[in-house]
Amino acid sequence: MSKRFLYVNRKAPYGTIYALESLEVVLIGAAFEQDVSLAFLDDGVFQLTRGQQTDELGVKNFSPTYKALGDYDVNKIYVERESLEARGLTLDDLLPLTYEDEDDDWAEKDSIKLVSAAELAEIMEAQDVVLSF
Amino acid sequence: MLHTVNKSPLDRNALESCIKHVVQGSAVLLIEDGVYGAMQGTQKSPMVESAMKEVSFYVIGPDLKARGIDESRVIDGIDIIDYNGFVDLVEEYDKTQSWL
């Protein structure tokens with residue numbers, strides 16, 4: 001029986017290893033056909049910013065990998081509105097993440113859903129398993 | 001004195017504490033996740049803008065770039081430098097304090 005898994009991302013990328021580790025766990029977990037959701041709040045919203053270029057730092061830019069999540073049926077990506085606003089960001093600053101909806105003639109749809117903190121609290125409550133990064 | 005801050009001001013209080021302990025003529029250098037402190041329009045930018053009246057602020061360009069922060073979004077008056085500039089600052093000031 002499939003369980004509801006939520007991965008909670010609260011850290012900025014590159015400063016610590018949490019963001020990359022979370023993404024790797026999500027991709028591994030996706031192979032087990034569970035009901036997966038991702039939440040990005042606090043500094044975690046910085047993981048999804050467009051235009052990351054790490055060549056001068058000599059570390060891997062893993063942000064393009066988020067675009068592959070749709071192909072792994074990971075298409076519930078919740079971004080907290082309050083966290084974006086506190087950082088002077090809008091949805092336009094984030095990567096365009098999409099998936100093809102098999103129940104709707106493979107129409108391309110947005111994976112990112114902007115939610116309030118209160119809505120995110122409900123989403124957290126509705127899970128079977130919550131993994132924090 | 002040169003102060004370096006490598007934590008996001010929206011996650012930790014390293015930058016806030018640093019700003020409370022700097023004296024006029026000092027410099028604050030934002031590195032790694034500290035570069036989020038150089039962004040305009042965040043909850044913390046008013047704190048930085050006010051501190052800039054007393055001390056000079058610098059930020060590492062490659063750290064901004066890695067995080068997708070365009071130079072146009074950096075607070076006006078913060079100097080964007082590279083790693084050679086980092087070395088120059090360390091040489092210019094008699095000592096360095098890291099706010100970890």
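User: When are two residues in contact, and which residues does B:Val35 touch?

Analyst: Two residues are in contact if their C-beta atoms, placed from the backbone, lie within 7 Å. Leaving out residues up to four places away in sequence, B:Val35 touches B:Leu30, B:Val59, B:Ile60, B:Asp63, B:Leu64, B:Arg67 and B:Ile69. Keep in mind that this is a predicted model, where local features need pLDDT of at least 70, side-chain atom pairs count only at pLDDT 80 or more, and totals for chains, interfaces and linings use all residues. Residues are numbered from 1 along each chain as its sequence is written, while chains are lettered from A and ligands numbered from 1 in the order in which they are written.

User: Is B:Thr4 buried or exposed?

Analyst: A residue is buried if 20 or more other C-beta atoms lie within 10 Å of its own, exposed if 12 or fewer, and partly exposed in between. B:Thr4 is buried, with 23 other C-beta atoms within 10 Å. Not counting residues up to four places away in sequence, B:Thr4 touches B:Leu29, B:Ile31, B:Thr96, B:Ser98 and B:Trp99. In chain B, 39% of the 100 residues count as buried.

User: What pattern does chain B follow along the sequence?

Analyst: Helices (H or I, at least four residues) and strands (E, at least two) are DSSP runs, numbered from the N terminus. Chain B has 4 helices and 5 strands, and they follow the pattern β-α-β-α-β-α-β-α-β. B:Thr4 belongs to strand β1 (residues 2-5) of chain B.

User: How do I read the sheet in chain A, and what is the order of its strands?

Analyst: Two strands pair if DSSP finds at least two bridges between them. Here 5 strands of chain A form an open sheet, in the order β6-β3-β2-β1-β7, with parallel pairing. Its edge strands, β6 (112-115) and β7 (129-132) of chain A, each pair on one side only. Further in, β2 (residues 35-40) and β3 (residues 77-80) of chain A are joined by 3 bridges; A:Phe40 has A:Val79 in β3(A) as its bridge partner.

User: Which helix packs on the sheet touching β1, β2, β3, β6 and β7 of chain A?

Analyst: For angles, axes are lines fitted to C-alpha atoms, for helices over the stretch in contact, and values run from 0 to 180 degrees between N-to-C directions. The helix you want is α3 (residues 117-125) of chain A, whose direction makes about 145° with that of β3(A).
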